[in-house]
Amino acid sequence: PVFFLFVLATMWPLFFEILVEDGLVKACRILVLDLLALSPMFYAFQGKVIAHFMNLEILYGGAEYIPTGRGLATVRQSFRSLFANFANTNMFDGFELLSFLLVSLLLGNSSLDVGYPYWFCIGTAVTSWVFAPFLYNPYMFSVRHVYTDAQEFGCWLVSGLAPDGTPANKTSQWSWLEWTTSLQIPRQRASYHWLYLPSWRLLTAVLSGCLTATVVTSDTYEAGLSTTTDKVRHQLLPLLPPVFAGLALGLVAIFHGVVSCCLGERVHPTFLLVVCTVLTACASAAEVYAMVRWPLWTTDYGFHTGVLMVFHKYCVLRWGLDWADWVMPKYTKCFVGSHGIIATGVTWWVISWRWWRDALLGCFLTCVIAVIALVLRIPGAAHVHHLFLFRNRAKITSGAPGKNADETQELPRF
């Protein structure tokens with residue numbers, strides 16, 4: 001009911017304005033067209049953006065006026081640009097919620113049998129947070145743009161730091177490293193007293209840890225664990241944070257410090273990024289392999305237990321990443337080797353996990369967009385996307401001879 005009230009609250013002002021000015025028929029027509037254009041998705045996306053920046057203002061302060069002009073955006077934005085603008089505000093939370101729902105469905109969670117209204121509301125929220133920027137972007141699903149967008153996004157992910165002299169407002173467009181660094185700037189104004197306040201991420205990690213501890217100490221699970229090595233692997237290791245990746249990146253930080261001290265020059269950030277992300281993936285895979293009891297994997301009990309262990313690791317990891325954001329200095333200071341080994345190791349630990357998250361999200365979105373683009377190649381199917389756009393006709397007052405028709409541009413409806 002709350003979601004439907006939210007949709008009505010966002011649509012009623014326009015409905016009553018048109019009702020007063022143009023009558024009931026046109027008001028109903030506009031209302032139906034807006035619903036066909038999936039306006040609830042747009043309003044859910046817009047509400048999430050507003051909530052994100054309100055939260056930033058409450059926590060960190062520093063709000064300021066940004067002169068954006070008053071005209072409608074008429075230029076298609078690339079995938080990388082949309083990702084950089086809206087990933088931190090909407091897409092990360094939407095992708096995380098989508099992942100949780102898919103895992104719950106995979107496990108056959110009976111608590112998800114809550115009826116169609118729930119799935120409609122949660123599906124609208126998740127879809128809008130993840131896909132709305134692309135849905136309302138003109139020519140987003142053009143096949144020729146999908147390849148160039150994917151290529152541009154891949155280069156952006158692996159590029160290094162921006163050259164010296166690059167304008168401050170252009171550095172985030174240069175590379176993913178610069179962009180993820182810029183996300184930490186508001187935190188520099190925050191007080192470190194926030195570190196001592198428990199967060200909901202910490203509560204989730206504690207609760208998942210209690211549940212994991214209950215499972216690994218049960219009689220059913222302990223059966224067959226005779227040696228000390230087995231107990232450490234299958235009972236202690238699942239309760240710990242992701243330690244393998246931390247140890248591996250600690251060695252990288254030591255290597256970075258030795259090279260910077262002995263040679264007097266920094267290791268190239270792109271090389272460090274590749275090494276750290278590969279080590280993080282390999283170390284995490286080795287940790288999962290070591291802690292899961294694979295002989296039980298073929299049973300429902302063993303499968304559910306393994307998923308629970310991985311979920312607990314994820315909860316601790318998410319809390320650790322948020323906590324590290326509060327205590328770490330600006331990332332670029334560690335890129336150039338101006339901080340100690342511990343600070344450098346923690347920084348690259350954060351960077352590696354965040355890179356994998358963004359790379360997976362980017363690949364997922366690119367694949368979905370590519371599939372939609374292929375479907376829209378069916379004759380007549382491309383007109384479906386036109387439902388989410390409106391056509392702005394402007395008279396051509398000057399131009400090449402013979403152009404007497406109106407110029408048409410496709411713009412977002414909202």
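Visitor: So where do we begin? Is Arg354 buried or exposed?
Guide: Arg354 is buried, with a relative accessible area of 7%. Keep in mind that this is a predicted model.

Visitor: Which residue does Arg354 form a salt bridge with?
Guide: Asp322. The closest N and O atoms of the two are 4.0 Å apart. This pair links distant parts of the chain, with Asp322 in helix 13 and Arg354 in helix 15 (residues 341-375). They are 32 residues apart.

Visitor: What else does the side chain of Asp322 meet?
Guide: Arg318, in a salt bridge of 3.5 Å, N to O. Both sit in helix 13, 4 residues apart, which is about one helical turn. Arg318 counts as buried, at 15% relative accessibility.

Visitor: Which residues make up the network of salt bridges?
Guide: Glu96, Arg201, Arg318, Asp322 and Arg354 are linked in it.

Visitor: How many salt bridges are there?
Guide: The count is 11. One of them joins Glu152 and Arg80, with the closest N and O atoms 3.1 Å apart. Glu152 is in helix 6 (residues 143-158) and Arg80 is in helix 4 (residues 79-107), so this pair ties together parts that are 72 residues apart in sequence. Glu152 is partly exposed at 30%, while Arg80 is buried at 11%.

Visitor: Back to helix 13. What about Leu308?
Guide: Leu308 lies in helix 13, which covers residues 300-327. Leu308 is buried, with a relative accessible area of 15%.

Visitor: What is Leu308 in contact with, leaving aside neighbours within four places in sequence?
Guide: Leu211, Thr212 and Val215. Thr212 is 96 residues from Leu308 in sequence, yet their C-alpha atoms are 6.7 Å apart.

Visitor: New topic: the surface. Which residues form a nonpolar patch there?
Guide: Leu5, Leu8, Trp12 and Phe16. Together they have about 400 Å² of accessible area. Trp12 belongs to helix 1 (residues 2-22) and is partly exposed, at 34%.

Visitor: And the chain as a whole? How many helices and strands?
Guide: 15 helices and 2 strands. Of the 414 residues, 40% are buried. The accessible surface comes to about 23400 Å², and 68% of that belongs to carbon and sulfur atoms.

Technical notes: Residues are numbered from 1 along each chain as its sequence is written. This is a predicted model: local features need pLDDT of at least 70, side-chain atom pairs count only at pLDDT 80 or more; totals for chains, interfaces and linings use all residues. Side-chain values use heavy atoms; hydrogens and water are left out. Patches are made of residues with over 30% relative accessible area and no salt bridge: like charges are joined within 9 Å, nonpolar side chains (Val, Leu, Ile, Met, Phe, Trp, Tyr) within 5 Å. Accessible areas come from the Shrake-Rupley method with a 1.4 Å probe; for residues, only the protein chains shown count as cover. Buried means under 20% relative accessible area, exposed over 50%, partly exposed in between (1.4 Å probe, protein chains only). Contact means heavy atoms within 4.5 Å.
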